[in-house]
Amino acid sequence: MRMFLWNLLLALAWTVSTGQFTVANLLVGLVLGYFILLFAGRAIGYSSYFSKVPQVVAFALFYFGQLILANLRVAYDVVTPTHYMQPGVIAIPLDAHTDAEITLLANLITLTPGTLALDLSADRSVLYVHAMYINNCDVEEARRQIKEGLERRVLELLR
Amino acid sequence: MNDVVTAVLIVVGGAFMLLAGVGIVRMPDLFMRMQAATKAATLGAGCMLMAVAVHFGELTVVTRALLVTAFVFLTAPVAAHMIARAAYSVGTPLWKGTIADEFRCENDRVGQSAGETSTAQRANPAAREK
Amino acid sequence: MNSLILKVATRFMLPLLLLFSIFLLLRGHNQPGGGFSGGLVGASAFVLYSFAFGAPETRQALGVDPRGLIGAGLLVALGSGLLAFFVGQPFMTGVWGQLDVPGLGELHLGTPLVFDAGVYLVVIGVTLSIILPLVEE
Amino acid sequence: MNLDDITLLEGAVMLGLVMTGLAMFLAFFRLVRGPSLPDRVVALDLIGIIAVGVIAAYDILTEQPVLLDAATVVALVAFLGTVAFARYVERRQQDE
Amino acid sequence: MAVGMLTAILSGFVLAILAPGLNRMVRGGAGWLLALLPLGLAISFASHAPLIASGNVFSESNPWVPALGVDLSFRLDGLSMLLSLLITGVGALILVYAGGYLAGHPQLGRLYAFLLMFMGSMLGLVLADNILLLFVFWELTSISSYLLIGFDHERAAARSAALQALLVTAGGGLALMAGLLLLGQAGGSLELSTLLLQADYLHSHPLYLPSLVLILIGAFTKSAQFPFHFWLPSAMEAPTPVSAYLHSATMVKAGIYLLARLSPALGGTDAWFLSVTTVGGVTMLLGAWLALTQSDLKRILAYSTVSALGTLTLLLGLGGTLAVQAAMAFLVGHALYKGALFLVAGTLDHQTGSRDVDRLSGLFRAMPITALAAGIAALSMAGIAPLFGFLSKELSYEAALRAPAAAWITAAAVTANILLAAAAFIVGIRPFVGKAVPTPKPAREAPPSLWLGSVVLASLGAVMGLWPALGTDGLLSAAGTAVLGETVSIHLSLWHGLTLALALSAVTLIGGVIVYVSRGLLRRLASRWESLGQFGPARWYELVLLGLNGLAGGQTRLLQSGYLRYYLMIVLVATVGLAGATLATRGHLVKPTDWSGLHFYDVGLVVLILMATMGTVLARTRLAAIAALGVVGYSVALVFVLFGAPDVAMTQFLIETLTVILFVLVFYHLPETPALSSSLARGRDAVIAATVGVLMTAFVLIATVVQYQPPISEYFAEHGLPDAHGRNLVNVILVDFRGLDTLGEITVLAAAGIGVYALLKLRVGKQRGTASAARRSELAGGVDDASLPIANPMRKEGDVP
Amino acid sequence: MATLLAILIGVLYAAGVYLMLRRSLFKLILGLVLLAHGANLLIFTAGGLTRAQPPIIPPDATALPVSSADPLTQALILTAIVIGFSVLAFALVLFHRVYQTSGSDDPDELKVGDR
Amino acid sequence: MNLLLVLPLVIPLLTATFSLLAWRRLAIQRKLAVVGTAALLGGGVALLTLVWTRGIVATQLGAWPAPFGITLVADMFSAIMVVLAGVIGLAVAVYSLASMDEPRESFGYYPLLQILLMGVCGAFLTGDFFNLYVWFEVMLMASFVLLALGGEPDQLRGAIKYVTLNLLASALFLAAVGILYGVTGTLNMADLARKLSAVAEPGTMTALAMLFLMAFGIKAAVFPLFFWLPASYHTPPVAVSAVFAGLLTKVGVYALIRVFTLIFVADAGYTHTLILVIAGLTMVTGVLGAAAQHEFRRILSFHIISQIGYMILGLGLAGLTDSPAISTLALAGSVFYIMHHIIVKTNLFLVSGVAQRLGGSFELKELGGLYRADPGLTVLFLIPALSLAGMPPLSGFFAKLSLVQAGLGAEQYVIVAVALVVGLLTLFSMTKIWAEAFWKAAPADSPRQTLSAAEKRNLLLPIGMLAAMTVTIGLAAEPVFALATRAAEQLTDRDAYIRTVLGEPQ
Ligand code: NA
Ligand code: NA
């Protein structure tokens, strides 16, 4: 986090010093700052920040794709007369156990069309999810998709 | 170029919004309405905010557009979760086509039936809203 | 309520909202914003906090009594108005100072801005002293 | 208004406004129709988000970025109302 | 005057204030001590009597409230001298008498105070030259009378008698005030001395008649003229000294005084003659008749006083030298004998425990002094020579005989006097002669304080009758001069020769004896007619009070119904009615023409607001209504966005959200309630609501079309940046141009904050425990717990059903 | 547009009044809120409508462009909104307390004590 | 001069602020309450002196020239009202020391009292319409809270009606201000007066004036808009009732007089006839309402309404006569009546509190024996009661006299007759209280209480002070009436007001 702030600061310094307060310039500043920090890292000490950034970018791309796909699927269902849904509430046993992990996971699940985080069990070991498309009534498969898809990536990202 | 991107983003955003609107009207139970509505609208809002960012291009505008987008993406799922959880806990009925309810089995949900005419409806005035 | 997700989200949003509220306050004189909207956003932050964590925790997080905020806000607002008397001007006349900030140019700082800060404090104090007891009920 | 005078952007924005507007009416329909309270709450929440979109589109239409602040505020706080409703629904359950 | 008239008057009030304290200090003898003041005043007045008698008039004037025409101007002429002497002289005797009569009474001090206050007021009344000043004292006498009649305040009868007297006299007082002001307006002055000189001008003034009627109402109520006479007998609830002083000798004469005083200005017209004589005559007869029908000493005296006041009124109505002479003489004579008889009645009551003539008999042996005084006074009242009463009655007969419609008036006067003579025997002679019967208290002669007054008054009557020239003549002449507005001289003498008047006196005496003897018959006759009383003025008074209460109750039930919605409805209908009618009749309505610049999203937004509004109105559940209301708020905020008001929109969004939250927090646990209004009520309300809406729309349309001047906001556009250093003009206005609004606004906020907090946390009354618990937690141990119950009866308010 | 808004204002007032006349404290408050909206829009409309030109002096100018919205009406509405909110908050809690004490939402139940 | 105009706002607000900051320290709050109100009174007197010597004074807040900023302006009328606010504030503050219960004290009673005073003074001093709205709301909000503070069922019931009807009035007022701004483009009253004088056809403005008449009429509690008053004034603690009774409706009356002497004068034949009719109906309905009551404070409450009728009677008369002298007399009568009434009515409420302390109730049937038990209180009741009934030589007499004189001068005989008859009915209800609470023997079962020395001091001191003022205003009516006359002269001289406010040479 500290490193990210540094990065932001550098980017801002860049925009101020160049006098161009545009987004493009800021982005340039950010990228520049990232690399500067990456190099300076040798001097000021290693941080997980540098490996996280590509990871975050990768995850964002993955998630965005999922988002679009899922949205389209729901959209199709919404605009066509027939309901194709096979909804159900399923329990997802969690590997995530810190507050941040669980929250991020739940939010991402919710944000994806077709799944909706309902509740967390009292011992925080199970997340109940409302899923719209449980293909072929295969609850296990749906469960696996979420665990293997989102949860794994989130945990990778955060740990 | 900017204008084209803006136009596309605006139209796509609007389309998502409309989708959300249709979804919230058409889907058969609360949870699916939420599924259809909240997310599409969030995405739609995101698109439209991006359109603003692209269109104006000034730092102040872009930062704010990004901030709003971030905020919408942060709050929307939390809100959805809160509502869904509350609705579920008071026994808002599930669509009759629902194939599984693992939560109810384990937590002894107030209403014991998943059908539209569930006893939950009768047991829970908040859901029934007479 | 006791939702982990809400709690975590709130912890994240509280500083964000507060930051935005101060941002609104500070830029209000030149751009949309000001003491009212700033104060309302600031109060919203704590209202959200009270939804997630409950009223007592919110009072703790707030650190000061909401009524103290009201009093302080009124005092600040009134004081900024009274300052004019010391320079021989009618009540509530803006007393302005100029500050040259390199890079930002001339910055006008004046009692109306202080007044707005008073408004900000009062709005937060009042909103919270209305909502927190209700949340407690 | 002469259709020929409308630029691509204006047309897009208008279209966007029409769609968001329709969405708002649909959401409002759900809000009135219910049947359950959470349905209405969801609808209200949706209206808040749509409002963000409307403001954004109008911003572009009128070339007034300052109006975006209003959208910012909606995005920030509309969610609070929803949470309050959710609280209400759950609390009421507990009271009984 | 050596002692200023103002000083004389004020001395009464000052002593009134000191009296209770003095009474505490000087146990028992305070009456004697206090009497020194009126005595001194009487002597002081008397010392000037010769000068007055020789035609001098004293006057003094100080400004008081010149802006309203109220001045401290006083005038001492023959008329006021006569009354001043009565007031102070009788006053002195009464104070002494009161000390004896109410010896040991816990509130004797207050009685003294009220009596002295009355004396001061009465003096002021008769001395005032400014008619508003006169009115001031007039009202003060009414108040004093009220307090004195209700002296025995724990008895309901005393309270209601006091109220009756007050309402009648104060009601008349209001008429008097209007009348006097009209008179002043007509005459261009509020000073009697000026007004009295303009009789002719006044008589022809259009305001003459209204002012006359109003003034007469004032005078008649005060002097207990028919049909206002009924309060006087009721006023006998007062302690006897009070009855003697106020309700016989002085206060009731105030009306007579006023008639006499104003007769040079108002008298001499047909209106005056007809109204005053008629009322006087009727009162005279009625009072005399009613006096005979009573058995209570004081009531007999009271009715006979009514009759006497009627006589005086009659005489003043007649006008002319003779009548005025008679009136002046009768005024003095009546004061002397009636005062004496009242005191006797009181003494009898005090010494025997009864005032019932049927239970008092043969008391001469036990109470010789009293009996003597009573006998002399009674004979004077009966008009027996050589007492003063005889003189005055002779004079009045002569006046009656010369009056227009002489036969009628004379007959009436003789009839009345016959009845009164009988009444005099009943009161002054009957209790003392015959066989002694046991009384509730064993009869004993009264102490000096109780007989001094009657003895003095009775002997004065005798002395003045025997030696009329003793100074009386001059004084009466001066008084007559004042009343007539022209110089007269009055010479009283016992012997006028064998005149018709003398014959009438003889008839009166014989008739009186006959009536006295056959009084039982008359009483039986009267009791048969008693049922007529229910049609009398006393009954009217009751009916008026009842009607008033009924009207008040009905009106209150109708208007202050307790139904909030009716309140709202009345307010709304009044508003729409007034503003709408005014707009329709005096303004010009604007046709809706400005449809320009309308975009589809405008229409869409407005339609959404309309639908949401309808949704709010028609929602079947609370939460649905709240949600719909939220939509209204959000979409109104969007209107602000559309028309370039980002600040307003932002605030509206924020406030709307908080509003929804508040609604939810407040209403979440309240159960739904059914709709209670009938469809008829809904229809009615819809009509009201629609008219309100139409009115507001009309106003808005006017405002959008009419623009008289360029708005002041142009100034802000120009000066906002250079002078207030801000670009966001809305904010600049809020914190600078109109910062005071904002200061007020945050004060409102602060008050609301405290209010909500207190409403939620503080519950006084319902459960004590909660309140003190809340306080305890509030005070955080700052106050020691011993003081917790606070012993605060204020908190009981809540317990009152 | 002004005409349309004028009609809308009328409807808001009418709806507010209608709700206030119902036998329900809750609706009474709803009515008050609608009245407040009506009043705010009224000031806004009566003061003259200007589309999408906020009264904010652009960075390159020293005075407000003539075509901008009237800042004064906006400031007045802002003040009115905030005052309205404080009043509403108080009224809401007051009605809440009344409900707690009397157990009824019907204002007719409160008629005791007026005369 | 600036300072003196601002002090009546700053002193209460500062006191309120410090009281808020001293939330938990009642001792400090109590001291502040007395010191603050005394300072307010002092400031008011200084302002009055200034206006008396210099004529109308105005200050432009923020140094923005009128009509662009907010102008505070004091003429005699407003200065008198500010002094009265100070008097009532001080009296009630002292009275509260002994009468207010500690729970209420510790939940913001004192700061709210100050805020109320601030709102009242602001309404008196402002020269700006919207600012007047703000002060109305300040006053109203504080009064809402004071009325409901403690949350007893009766209080809550009364508060609902009070709040609802007053909010309706606020909504009307706000709408009227909005329309007025839309039409004239200004908010400054003097500026408005000038701009409206130039309007050729005043009919539409007259219709707008009706909205103001109604909005202020509700605040002033005139017929048929007064319902909130009798429904609520008897419910809060006495000190609160007293300050309400003294000041709140008078702000409405003040606004009516100000607006209908300064701004809406073009169509006086219509508007002022209406005002006169309302005055008459208000007098009558109020006093009849009182006649139907049997509770100390309710009687007093209804009397407030009745007497509001007198106050606006002068206003109506002033507009319906061609004679400037009569017009001045009528307005002077109104001003004088207001001065008299504020003091007397507050005092009667304070007395009712003591009576309740001693007798345990406000119900007349449960009271009694005060005449015998407490001669001091007896005198202290009689003075304001008789004054209220218009008995000479107390203040009420001269108040009534001046109005009656003006009415006769304006040849409005019917209203004079009404005023006089209503005076009698007023006397009637005062005697009801007197006969029941004072003369009648105390009911056998009624609790007898005595006052401690400190209570006696704090309760009776303000009552005595106000009674002394009542007597003084009566006995020294001339100088007091001179104040009222000067106020009336200034009210009729619109031009001087306008020039002063707009900063033009006289
Ligand atoms: Na999802
Ligand atoms: Na206009």
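Helix α1 of chain E carries a kink of about 45° at A19(E), shortly before the proline P20(E). This is a predicted model, so treat the details below as computed from it. Even with that kink at A19(E), α1(E) spans 29 Å from its first C-alpha to its last, close to the 30 Å expected at 1.5 Å a residue. From there, we can move on to a nonpolar surface patch and a few salt bridges.

**Helix α1 of chain E**

- The helix runs over residues 5–25, which makes 21 residues.
- Its buried residues include M5(E), L6(E), A8(E), I9(E) and G12(E). Also buried are F13(E), L15(E), A16(E), A19(E) and N23(E).
- What do the buried residues of α1(E) pack against? Their partners in chain E are the helices α2 (30–53), α4 (108–127) and α5 (131–149), together with the strands β1 (58–65) and β2 (70–76).

**A nonpolar surface patch**

- W595(E), L598(E), V603(E), V607(E), M611(E) and I7(F) make a nonpolar surface patch of about 450 Å².
- Which helix gives the most to this patch? Helix α25 of chain E (residues 600–618) does, with three residues.
- V603(E) is found in that helix, α25 of chain E. V603(E) counts as partly exposed because its relative accessibility is 33%, which lies between the 20% limit for buried and the 50% limit for exposed.

**Salt bridges**

- Over all chains, the count comes to 43 salt bridges.
- In chain C, E136(C) pairs with R59(C), with the closest N and O atoms 3.2 Å apart. E136(C) lies in helix α5 (residues 111–136) and R59(C) in helix α3 (residues 55–62), so this pair ties together parts that are 77 residues apart in sequence.
- Both ends of that pair are partly exposed: E136(C) has a relative accessible area of 31%, and R59(C) is at 25%.
- In chain E, R75(E) and D77(E) meet in a salt bridge at 3.8 Å, N to O. Is D77(E) buried or exposed? D77(E) is buried, because its relative accessibility is 3%, under the 20% cut-off.
- D152(E) and R155(E) form another salt bridge, at 3.0 Å from N to O. D152(E) is partly exposed at 36%, and R155(E) is partly exposed at 36%.
- Elsewhere, salt bridges that share partners join R565(E), R23(F), D106(F) and D108(F) into one network.

Methods:
Residues numbered from 1 in each chain as written. Chains lettered and ligands numbered in written order. Predicted model: local features only at pLDDT ≥ 70, side-chain atom pairs only at ≥ 80, totals over all residues. Heavy atoms only, no water. Patch = residues over 30% accessible without salt bridge, like charges linked within 9 Å, V, L, I, M, F, W, Y side chains within 5 Å. Areas by Shrake-Rupley, 256 points an atom, 1.4 Å probe, with all protein chains shown as cover. Salt bridge = Lys/Arg side-chain N within 4 Å of Asp/Glu carboxyl O. Helix = DSSP H or I, 4+ residues; strand = E, 2+ residues; numbered from the N terminus. Buried < 20%, exposed > 50% of the residue type's maximum accessible area, 1.4 Å probe, protein only. Expected span 1.5 Å × (residues − 1). Bend = angle between axes of the 7 residues up to and from the residue. Contact = heavy atoms within 4.5 Å.
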